[in-house]
Amino acid sequence: MPEQSGPSDGMWSVDHPVLDALRERRRAKSQPGQRADDHKIGLAVEGGGMRGVVSGAMLAALEEFGFGSAFDALYGCSGGAINSAYFVAGEAWRALPIYFQDLPSRDFLRLGRFLRGGSALDLAVVFDEIMEQVRPLHYDRVLSSPVPLTVALTMVDTIQPYAATDFTTREDLKAALMSTSWRPVLVRGAGVYRGERAIDGSVLTSLPYRMAVDDNCTHVLSLSTFPAGSYQARPSPFIRLTARHVERLRKGLGAAYLAEVARKHSDLQRLARLRHEPGAERPYVLDLAPMAGQPTLARWELRPRPLLAAITSAYEMVYAAVEGLPSSTIGTGAFTALPRWTVVRP
């Protein structure tokens, strides 16, 4: 018989083993390399373009509520990898203004460039301007952290997913983060990682929780950015366009991408079941995602109002989950997420 868990209203069991393990580590003030348990707790973080603001807010909430040292390994894809890097550096909050303040006010997305044969997205704005000067990522802290970061990549020429880790230099880490952000169609060509062509990790690793499972984690907290129950198995026009685009990059990659799209739908059904039937299989996996019925944030949303609303919702969801409250308490007035401002120096 599978283990039974506590009350659930469809989003999570309040005593889910992943949540219990994290709460115990917070209570014990557990630190990497000094664990009192034999768990390996992984944190898997999805991106999704500007929907990365959702996982970024969830990471900032975990940091805020005392779980910054509770994980043994991080796994990220696309914008989720960037968010994870800031989290590993101990500054998850620093990534949030990138989405609602920096990218909307800069020359990041221009469809006119795409129509003229260029890239609609300018990754240099993110990596050479924002992450270096405006919201600097402390690469040295990521490299020296006892908690390893693994970045999902899609290797173009071998048509294989690749888990990039064991970074030795800031250039190596930066190349991995840039390559996983190389969104087909919107960014022309391909990135380069360790001498090979690489693009957005989500092309062949749409849900990074799989990397945590493959890495022998006993417990996995997955942070997704698409509302629960909203994903459709039928490929959208943009997915079909992406398939044609990557097929031109490498024959066979388009078919592999469409197969991954189908697999994602199956995996999301599995994750939905494991939210409230956590004892059904090992390892324990809990996926937190925007609640069903919430507006779906557009992949390239640049309006601050929807982005800030997504941050508020993500904070409230993480608070309810880690404090043992059912998701039905969200939006009832029992608690409210509010911005708290401070002043920092780079």
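**Aromatic pairs and a cavity**

Guide: In this predicted model, one aromatic cluster is formed by Phe65, Tyr315, Tyr319 and Phe335.

Visitor: Which geometry, stacked, edge-to-face or tilted, do the rings of phenylalanine 65 and tyrosine 319 have?

Guide: The count of aromatic pairs comes to 5. For phenylalanine 65 and tyrosine 319, the ring centres lie 5.6 Å apart and the planes stand at 70°. Phenylalanine 65 sits in the loop between α2 and β2, while tyrosine 319 belongs to helix α12, 254 residues apart. Since planes over 60 degrees apart count as edge-to-face, the pair is edge-to-face.

Visitor: How is the pair of tyrosine 162 and tyrosine 193 classed?

Guide: The ring centres of tyrosine 162 and tyrosine 193 are 6.4 Å apart, with the planes at 50°. The pair links strand β4, which holds tyrosine 162, to strand β5, which holds tyrosine 193.

Visitor: Is tyrosine 193 buried or exposed?

Guide: Buried means under 20% relative accessible area, and tyrosine 162, at 35%, counts as partly exposed. Tyrosine 193 has a relative accessible area of 2%, and therefore tyrosine 193 is buried.

Visitor: Which element gives the most to the lining of the largest cavity?

Guide: The largest cavity, with a volume of about 250 Å³, is lined by 21 residues, which divide into 13 nonpolar, 5 polar and 3 charged. The elements giving two or more residues to this lining are α3, α4 and α6. With 4 residues, the element that gives the most is α6.

Key:
Residues numbered from 1 in each chain as written. Predicted model: local features only at pLDDT ≥ 70, side-chain atom pairs only at ≥ 80, totals over all residues. Heavy atoms only, no water. Phe/Tyr/Trp six-rings, centres within 6.5 Å; stacked < 30°, edge-to-face > 60°. Buried < 20%, exposed > 50% of the residue type's maximum accessible area, 1.4 Å probe, protein only. 1 Å grid on protein atoms, 1.4 Å probe; cavity = no way out; pocket = protein on both sides within 12 Å on 5 of 7 lines; lining within 4 Å. Points joined across faces, edges and corners; volume = space filled by probe spheres on them. Nonpolar A, V, L, I, M, F, W, Y, C, P; charged D, E, K, R; others polar.
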